[in-house]
Amino acid sequence: YEARTMTPLGAPGTRITPSQVLVNIHELATGSSLQIDEPTGEIIGVNLPNQSNFSLEPGGQIEFASAPFVALNDVIQNTYEGLKLLEEAVERKVIFLSHGTNPIASAKHPLVVKKRRYVLMTNYFKSAPPEIRGLDMMRHAATVQVNIDIFGKEEWEQSVYLMLCLVPLTRTLFANSSFFKNKKSHFYSERQAIWDHMDPSRSGFPFDISTCENRQKVECAYAKWARSAYVLFIENLPNDEQPKYGELTFENWLNNGFRGTRPVLSQWKTHLSTLFPHLRLRNFLEIRHIDAQSFEHLFAPIAFFSAILKSKKTRNLTID
């Protein structure tokens, strides 16, 4: 937020934009490089030489991603250095708040970062019924996302099963979104309420996974679920020819085509990146259901999941 007015960066009346913050970071960090959205020319991120990076979310949220490390202490140090750099880059002109939802933004908070992908997502969610909260997800939400490598077939299967069992507990344990649009939320976690009503085809639980007996079946069940999700956008179609909400599943696109197009492997990968389940399966486990935490509690969910998932003994004790 702009310090003198407490207005979200990029909202009408602010004198500094999120992209300007990234430029300032780039100028301070020798060896860094800016990320540019080619279709629009928008500045959308900055890569730091230590493999960490900053990027922008649609509502102007500034996201920090640490470099990957084996030891939690190294993740903490890398994040500390990144956040200190962020603080230095804004020279006290910006105040940062880590909360699962934007507590003081206007209900009409604009699309601040006009990356083409975000424009297409905005159009998709605008075509949805009013109870679908995709725009709130884009413009008002923030998370601590924990990414954990799990090696070994048996360990992977057990970790996926355990994570799905833990979600009802951990989404409550780490709830941190009590305020929304200048009001106290009616929900224990406003961000979780947004996610529950964001797009049923691409969020929540891929339920069939929990009954799978091995890793291959887990991955096949996840892929089957992904194929039934609606297509959010097709990058090589003009904006006015994009599928609307509920119009096209990936399965239908694959079998029948859509406006002269059929998906290729790169579009399947893009589609997978537009899914928002509580646990996203990649080459690692991507834990997505945790609210952004206050800065003093930032590493609590990271330490929690690391301790439970990385040790076979701890996994067994937790499951028992």
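I start with one cysteine: Cys220 has a relative accessibility of 48%, so Cys220 counts as partly exposed. Here buried means under 20% relative accessible area, exposed means over 50%, and partly exposed is in between, with a 1.4 Å probe and protein chains only. Cys165 is also in the partly exposed class, because its relative accessibility is 45%. The structure has zero disulfides, a disulfide being a pair of cysteine sulfur atoms within 2.5 Å.

Some notes on the source. This is a predicted model, in which local features need pLDDT of at least 70 and side-chain atom pairs count only at pLDDT 80 or more, while totals for chains, interfaces and linings use all residues. Residues are numbered from 1 along each chain as its sequence is written, and side-chain values use heavy atoms, with hydrogens and water left out.

Now the sheet. Four strands make an open sheet in the order β1-β2-β3-β4, with antiparallel pairing. Its edge strands, each pairing on one side only, are β1 (33–37) and β4 (62–65). From one strand to the next the twist averages 25°. For the terms, strands (E, at least two residues) and helices (H or I, at least four) are DSSP runs numbered from the N terminus, and two strands pair if DSSP finds at least two bridges between them.

Look at β3 and β4. Strand β3 covers residues 53–56 and pairs with β4 in the antiparallel sense over four bridges. Asn53 is opposite Ala65 in β4, and Leu56 is opposite Ile62 in β4. The two strands form a hairpin with five residues between them, and Gly60 in the turn has a positive phi of about 95°.

Apart from neighbours within four places in sequence, Ser55 is in contact with Ile44, Gly45, Gln61, Ile62 and Glu63, where contact means heavy atoms within 4.5 Å.

Helix α2 (residues 72–90) packs on the sheet, touching β3 and β4, and its direction makes about 150° with that of β4. Axes are lines fitted to C-alpha atoms, for helices over the stretch in contact, and angles run from 0 to 180 degrees between N-to-C directions.

Next, helix α3, residues 116–126. Its buried residues are Arg116, Tyr118, Leu120, Met121, Thr122, Tyr124 and Phe125. Their cover includes β1, β3, α4 (134–140) and β9 (276–277).

On to another pair of helices. Helix α10 (residues 300–309) packs against helix α11 (residues 312–319) at an angle of about 95°, with the axes 6 Å apart. The two are therefore roughly perpendicular to each other, a class that runs from 65 to 115 degrees; under 35 is roughly parallel, over 145 roughly antiparallel, and the rest oblique. In this contact, Ala307, Ile308 and Leu309 of α10 meet Thr314, Arg315 and Thr318 of α11.

Last, two loop residues. Arg92 lies in the loop between α2 and α3 and has a positive phi of about 65°, although it is not a glycine. Arg92 has a relative accessible area of 78%, so Arg92 is exposed. Asn182, in the loop between β6 (179–180) and β7 (183–184), is not a glycine either and has a positive phi of about 70°. Asn182 is exposed, because its relative accessible area is 57%.
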